[in-house]
Amino acid sequence: MSFKTILVHLDHSERSAARAALAARWARAHESHLVGLVPTGLRDGVIPADAIATGMTDFIAESADYLRRRAEAISREFRQSIVATGSLSYEVRLVDGATIDAVVQHGRASDLVVLGQDDASNAMDIPLHGLAGHVLMEVGQPVLIVPSAGQFEGVARNAVVAWNGSREAAVALHAALPALRRASRVTLASFRRPKEEEDDARQPSAADMLRFLSRHGIQATFERNVTGIDIAGALLSRVAELGADLLVMGGYGHSRLRELILGGVTRQILAQMTVPVLTAH
C-alpha cells in the first residue's frame, strides 16, 4: 500500500496555504500525484457583505462571478507554491458542488485526503463546521487532519498510534502504514482507567502487533498506560511528552443523512489536536 494520490482541500482560510504545503511535502516524500480541490462555494457559500458593490442589478450573477474569481485566485496561489518548491505531479480541480459532497466524491478516488481542523477564521463566510468529521465518516479513505495552529515541516518522524484493539484502531493503523514506514520512531500506546482490566481476548498481543509492524519494515514500541483523566486528554499529553509529530487513531462514530455522531474521544481530539492526525473509519 502507498499514497499514490493525495487530495488536499483548498479554500480562502488563513490555514489553507499551510495545509497545501504539508500535503505537497507528503506528496513529494511518497512520490504521489497531488490534487488540489477548490470548491468555489457556489452551492454553500455565504457572500461577505462588502464583496459585491452596492447598486448591482444582478446580484446572483455578480456573486457567482465573485466566488469563481476567488477560487481561481486560490488555484493560482496553489500552483505558484508548487512551482516555487520543486518538481511535483499535481493538478487543480475547481468544483461548484457542495463542499462536503465534492470532497467525498473526489476523495474516494484518492489514497489520502488532507483537510484542516475546524477554523473560526472563515466562520462568517463558508459554514463548514464539522467538515473533517463528515468526510471521515463518508469518504472511505484515510484522512489527514492538519491543526489550525502550528507549523509542520514535513512527513512524520515520530508517530504515536492510539491502540485499543478495536476495528477502528486496526483500520487506522493499516491505513497509516505508508506514513509509519518513514518514521524513525513509532509508539503504540494503549490507555485504560485504574479500575479497568485489560481485555486481552479482544486484541492481538503486543508482541504480535510489533512483529506485524516489523514485517512491514516498521520498528515500533508498545506501551500500556493507566490514566485517571479522560482518555483523549491522556493521549494528547502523551503525544506532547514523546515529542510526536503525528497521531494515528481510529475514527469512531457514524453518519446517517448528514446527522453526524462522533465518539467522545474522536470529537475531543479533533477539537484539541496539536499535531496532524491521520485517521480512518
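Author: Two strands are said to pair if DSSP finds at least two bridges between them. The model is a predicted one.

Reader: What makes E2 and E3 a pair of strands?

Author: Strand E2, residues 33–39, is joined to E3 by 6 bridges in the parallel sense. Since the definition asks for at least two bridges, the two strands pair. Within this pairing, Val35 stands opposite Glu91 in E3.

Reader: How many strands does the sheet hold, and in what order do they lie?

Author: The sheet is open and has 10 strands, in the order E3-E2-E1-E4-E5-E12-E9-E6-E7-E8, with mixed pairing. Neighbouring strands are turned against each other by 25 degrees on average, with direction ignored. The protein counts 9 helices and 12 strands.

Reader: Why are E3 and E8 called edge strands?

Author: Strand E3 (90–95) and strand E8 (220–226) each pair on one side only, and they are therefore the edge strands.

Reader: What makes Thr279 a buried residue?

Author: The relative accessible area of Thr279 is 2%. Buried means under 20%, so Thr279 is buried. The side chain of Thr279 also reaches the backbone oxygen of Met249 at 2.8 Å; the limit for a polar contact is 3.5 Å, so this distance falls within it. Apart from neighbours within four places in sequence, Thr279 is in contact with Leu136, Pro142, Val143, Ile145, Met249, Gly250 and Gly251.

Reader: Which way do the residues of E12 point?

Author: Val277 and Thr279 point one way from E12, while Leu278 and Ala280 point the other way. All four are buried.

Reader: How do you know that Val143 is buried?

Author: Val143, in strand E5, has a relative accessibility of 0%; the cut-off for buried is under 20%, and therefore Val143 qualifies. Residues touched by Val143 include Leu112, Val135 and Leu278. Val143 and Leu112 are 31 residues apart in sequence, yet their C-alpha atoms are 5.7 Å apart in space.

Reader: Which helices pack on the sheet, and what do they touch?

Author: Helix H4 (residues 131–139) touches strands E1, E4, E5 and E12, and its direction makes about 165 degrees with that of E4. Helix H9 (residues 264–272) touches E5, E9 and E12, and its direction makes about 155 degrees with that of E9.

Reader: Why are the buried residues of helix H5 placed on the same side?

Author: The buried residues of H5 (residues 167–175) are Glu168, Ala169, Ala172, Leu173 and Ala175. They cover an arc of only 165 degrees around the axis, which puts them on the same side of H5. They pack against strand E6, helices H6 and H7, and strands E9 and E12.

Reader: Is Arg15 buried or exposed?

Author: Arg15, in the loop between E1 and H1, is buried, because its relative accessible area is 13% and the cut-off is under 20%. Polar atoms of its side chain lie 3.1 Å from the backbone oxygen of Pro147 and 2.8 Å from that of Gly150. Among the residues that Arg15 touches are Asp119, Ser148 and Phe152.

Reader: What makes Glu31 an exposed residue, and what is its phi?

Author: Glu31 has 67% relative accessibility; exposed means over 50%, so Glu31 counts as exposed. Glu31 lies in the loop between helix H1 and E2, and its phi is near 55 degrees, a positive value in a residue other than glycine. Most residues other than glycine have a negative phi.

Reader: What share of the protein is buried?

Author: Buried residues make up 50% of the 281 residues.

Notes. Residues are numbered from 1 along each chain as its sequence is written. This is a predicted model: local features need pLDDT of at least 70, side-chain atom pairs count only at pLDDT 80 or more; totals for chains, interfaces and linings use all residues. Side-chain values use heavy atoms; hydrogens and water are left out. Axes are lines fitted to C-alpha atoms, for helices over the stretch in contact, and angles run from 0 to 180 degrees between N-to-C directions. Contact means heavy atoms within 4.5 Å. Buried means under 20% relative accessible area, exposed over 50%, partly exposed in between (1.4 Å probe, protein chains only). The arc is that of the directions from the helix axis to the C-beta atoms. A polar contact is a pair of N or O atoms within 3.5 Å; within protein, one must be able to donate a hydrogen and the other to accept it, and residues adjacent in sequence count only if both atoms are side-chain atoms.
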